[in-house]
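The sequence and structure come first.

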Amino acid sequence: MKPITVLILATVFAFAVVMPANAQTAESIWLTADMTTYKTGETVTVAVNAASTTPIQGFTFQIRYDPDCLRPVNAASSIPGMNGLPLPQITGLVDGSYASTVPQTVNGVLAQVRFVTLGGCQTGLMLESAALAIRNESGFAAPLANVVIGEKSIALNIDKAIGASQSDEPLSGAVLPLEPAPAATQKVPGWSIALLATLVAGGVMFGVFKSLRIGSTTASKVSTSSRTPILQIKHGPHAGKSFALNKLPCYIGRDTINEICLNDPHIISQHAKIFAKDNGYYLMDLGGETFVNGRVIRKSSAILKPGDVVRLGKSALFVFGS
């Protein structure tokens, strides 16, 4: 009986050692803050953290906030090689995306996110979504599977007394602006366009929900080929799905008669269409709210290149690929 007892004890001991090790190596993302009590005008800094045994080439996060209590300022990632991808910001929802041309190992802070307090209130921050991205065999950035979202919310107490402003203190790493642009003048500044061009030239584009295609562009003009263009839905209705554009023109809208139907209150019945012309692909706005790489398109068309980020309405986001 003694050998059996020893065997049982050894087995139990092995499980006791292995199980905690597996729990510690799980891929996870969580939100933290050093402080939860502030005065009006002070800066709230929260951290988006991650642990991953798999090297990543990018990450995304969305943080819900109360615009009456907080104003987002910027985010910064100190991970070497991570570059921020400016995306149109929606009031009440911070949308951050970072990408790297080479895989990076992460175990700690992915990015620090700053908010300025606006007045006395009890509020909170909610990590609505987050993802770690890897490059798949097709050259696209795909979300890393089985990532656990840990701590999602942080409660904040903001006193109406005026505190010291700290928004001018520098953040280390690649800084990403997060302030929503006014609805009437929502334009991408010149430096943002330059950054987008740099990311494309480097072979990396990354999207919201958070991830975008990582690939290279070698010509300024897109030529149609035997490969069927696709749309990768990143946020909004059908998020995570891909649509092959086998039939062109392809109409997109809320009405079911469209080739791609997006049941979203901010999408009009026939919102936009994608068509082929002069050996290239184009997106045409049909009267809705349409953006390509953050640039508004109003009742006109814009050429589509692989990796271009298109937003329809407030939050429907997809990436064009071919």
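Strand β19 (residues 280–285) is largely enclosed by the rest of the structure, because five of its six residues are buried. The model is a predicted one, and β19 belongs to an open sheet of five strands in the order β17-β16-β18-β19-β22, with mixed pairing. At the edges of this sheet are β17 (260–261) and β22 (301–304), each of which pairs on one side only.

Strands of a sheet pair through backbone hydrogen bonds, either parallel or antiparallel.

| Strand pair | Sense | Bridges |
|---|---|---|
| β16 and β18 | antiparallel | three bridges |
| β18 and β19 | antiparallel | six bridges |
| β19 and β22 | antiparallel | four bridges |

Tyr251 has Lys273 in β18 as its bridge partner. Ile274 stands opposite Leu283 in β19, and Met284 has Ser301 in β22 as its bridge partner.

Strand β16 covers residues 250–253 and strand β18 residues 272–277. Cys250 counts as buried because its relative accessibility is 2%, and the limit for buried is under 20%. Cys261 has a relative accessibility of 24% and therefore counts as partly exposed.

Two contacts between a charge and a ring can be described here. The charged end of Lys273, the partner of Tyr251, sits over the ring of Phe275 at 5.4 Å from the ring centre. Arg311 lies over the face of Phe291, with a distance of 4.1 Å to the ring centre.

Which residues make up the aromatic cluster around Phe59? Phe59, Phe61 and Tyr98 form one cluster. A pair of aromatic rings is described by the distance of the centres and the angle of the planes. Five aromatic pairs are found in a search of the whole structure. One of them is the stacked pair of Phe59 and Phe61, at 6.4 Å centre to centre with 15° between the planes. Phe59 also forms a stacked pair with Tyr98, at 5.2 Å centre to centre and 15° between the planes. This second pair links distant parts of the chain: Phe59 is in strand β4 (residues 56–64) and Tyr98 in strand β7 (residues 93–104), 39 residues apart.

A disulfide is a covalent bond between the sulfur atoms of two cysteines. One disulfide is found in a search of the whole structure. This disulfide joins Cys69 to Cys121, with an S to S distance of 2.2 Å. Cys69 lies in the loop between β4 and β5 (70–77) and Cys121 in strand β9 (residues 121–135), so the pair ties together parts that are 52 residues apart in sequence. Cys69 and Cys121 are both buried.

For the protein as a whole, there are two helices and 24 strands. Of the 322 residues, 45% are buried. The accessible surface comes to about 15600 Å², and carbon and sulfur atoms account for 56% of it.

How values were computed
Residues are numbered from 1 along each chain as its sequence is written. This is a predicted model: local features need pLDDT of at least 70, side-chain atom pairs count only at pLDDT 80 or more; totals for chains, interfaces and linings use all residues. Side-chain values use heavy atoms; hydrogens and water are left out. Rings of Phe, Tyr and Trp (its six-membered ring) pair if their centres lie within 6.5 Å; planes under 30 degrees apart count as stacked, over 60 as edge-to-face and the rest as tilted. A charge sits over a ring if NZ of Lys or CZ of Arg is within 6 Å of the ring centre and within 35 degrees of the ring normal. A disulfide is a pair of cysteine sulfur atoms within 2.5 Å. Buried means under 20% relative accessible area, exposed over 50%, partly exposed in between (1.4 Å probe, protein chains only). Accessible areas come from the Shrake-Rupley method with a 1.4 Å probe; for residues, only the protein chains shown count as cover. Two strands pair if DSSP finds at least two bridges between them.
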